[in-house]
Amino acid sequence: MTPPRVLLVTGPGGAGTTTVAAGTALAEARAGRTVLLLGESVGTLSGVDAIRPDAAQWFRDGVQGLQRRAGTELLHDDELTELPGSAGLALLHALAGAHRSGRWQTLVVDLPPVTDAIRLLALPELLARYLRRLLPERRPASLLLAQLAGLPYDEAGRWIGTLTALHALLGADGVAVRLVTEPTAQAPAAVRRVRAGLALHGLALETLIANRVLPAGSADPWLRDAAAAQRAVLDVLPGPPRELPHLGGAPGEAELAVLAGSGALDAVPADRLRRPAPVLSDRTAGTEDAGGAPLVWRLPLPGASRDELDLVRRGDELFVTAGPFRRALELPEVLRRCTVTGAALEESGELAVRFAPDSR
């Protein structure tokens, strides 16, 4: 069975991401595909199924299920109030369930604002890493920690498995981010940071959508000047972006149908998407040459700024910071025996980290 296509829609708060997500779902339905739209603000659309995850219920079900498996009941149902962040986790849980079901050909997800969205998409990998570090497999200290927390060790292992599977889903072929922005003066710098953050976390960018674009040639001097200012921004955004018109207000289904039929919201073929991932330089083919030439590990970071980059090596991991985003990257086996000798952000947008064999 072919896995469903997943389009994750996000952008700065107020950029119209919910409109773009709804229009994207309608465009997929018009193309003859079965579609599910997920998000906190989704509404009813013709030919599109929708799920609005219930964060409170998801949290209560999770806590009660954990207590049943642990054989204890420390909290009653009427005592439970979801924790901050539960809405995002409930959305990821709903996405995973829909993906496993195989009922839909396309899943469109209306995500939170983009900085929070990237951190949410990075959360499964981060939490799984923390659990593995805190509870290494079957070590006595791990079993003791689990007992002190009142958590069966096997339950922790189940959590790690669930998080790892979710991380794999988000990094799979056919899963990509659709980024929405308004063509304001702040947009180029914001898009640059977001592109670097997406690449750092291995998330493919499918399309950049410029929303609420004003028509050129208006007789009104203010509108004409505003449209010209937008055009100056659109000319420097990467892509170039696909453009959606300013609708003048909250759109109904008729307006969304017009957007869906414009072609601007059609999905990019999955085989044209490339997930950013670090690779060893082709010059080394993954091994040191006879002369001991340095190995180069290249991390695609399009849009990254040298002033916002930081790099720290700790054991077998490389911690990379790009603006507000940070990720721990596990080094390949051949580099674990090497030391970092330097790093540079190249004009291609790749962070090139140089390693040399450890002579000790």
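Helices (H or I, at least four residues) and strands (E, at least two) are taken as DSSP runs, numbered from the N terminus. By this assignment the protein holds 10 helices and 14 strands. The structure is a predicted model, in which local features need pLDDT of at least 70 and side-chain atom pairs count only at pLDDT 80 or more, while totals for chains, interfaces and linings use all residues. Residues are numbered from 1 along each chain as its sequence is written, and side-chain values use heavy atoms, with hydrogens and water left out.

Of the 360 residues of the protein, 44% count as buried; buried means under 20% relative accessible area, exposed means over 50%, and partly exposed lies in between (1.4 Å probe, protein chains only). Contact is defined as heavy atoms within 4.5 Å. Among contacts between residues at least 6 apart in sequence, 64% join residues at least 24 apart.

Two helix pairs were examined. Axes are lines fitted to C-alpha atoms, for helices over the stretch in contact, and angles run from 0 to 180 degrees between N-to-C directions. Angles under 35 degrees count as roughly parallel, over 145 as roughly antiparallel, 65 to 115 as roughly perpendicular and the rest as oblique. Helix H3 (residues 86-101) packs with helix H4 (residues 114-134) at an angle of about 70°, the axes being 10 Å apart. H3 and H4 are therefore roughly perpendicular to each other. On the H3 side the contact is made by Gly88, Leu89 and Leu92, and on the H4 side by Leu120, Leu121, Leu123 and Pro124. These residues divide into six nonpolar, one polar and no charged, where Ala, Val, Leu, Ile, Met, Phe, Trp, Tyr, Cys and Pro count as nonpolar, Asp, Glu, Lys and Arg as charged, and the others, Gly among them, as polar.

The buried residues of H3 include Gly88 and Leu92, together with Ser86, Ala90 and His99. The 16 residues of H3 should span 22 Å at 1.5 Å a residue, and this agrees with its end C-alpha atoms, which are 22 Å apart; the expected span is 1.5 Å times one less than the number of residues.

In the second pair, helix H1 (residues 17-30) and helix H9 (residues 253-260) pack at an angle of about 65°, with axes 8 Å apart. H1 and H9 are therefore also roughly perpendicular to each other. Thr19, Ala22, Gly23, Leu26, Ala27 and Arg30 of H1 make the contact with Glu253, Leu256, Ala257, Leu259 and Ala260 of H9. The contact residues divide into seven nonpolar, two polar and two charged. Glu255 is also found in H9 and is partly exposed, with a relative accessible area of 36%. The C-alpha atoms of Glu255 and Thr19 are separated by 9.8 Å, although the residues are 236 apart along the chain.

Further local features concern strand S6 and two loops. His201 is found in the loop between helix H7 (187-200) and strand S6 (205-213) and is buried, with a relative accessible area of 11%. Not counting residues up to four places away in sequence, His201 touches Ile118, Ala122, Phe325, Arg326 and Arg327. Within S6 lies Arg212, which has a positive phi of about 60° although it is not a glycine. Arg212 is partly exposed, at a relative accessible area of 26%. The peptide bond from Gly239 to Pro240 is cis, with omega near -10°, and Pro240 is placed in the loop between helix H8 (221-234) and strand S7 (242-245).
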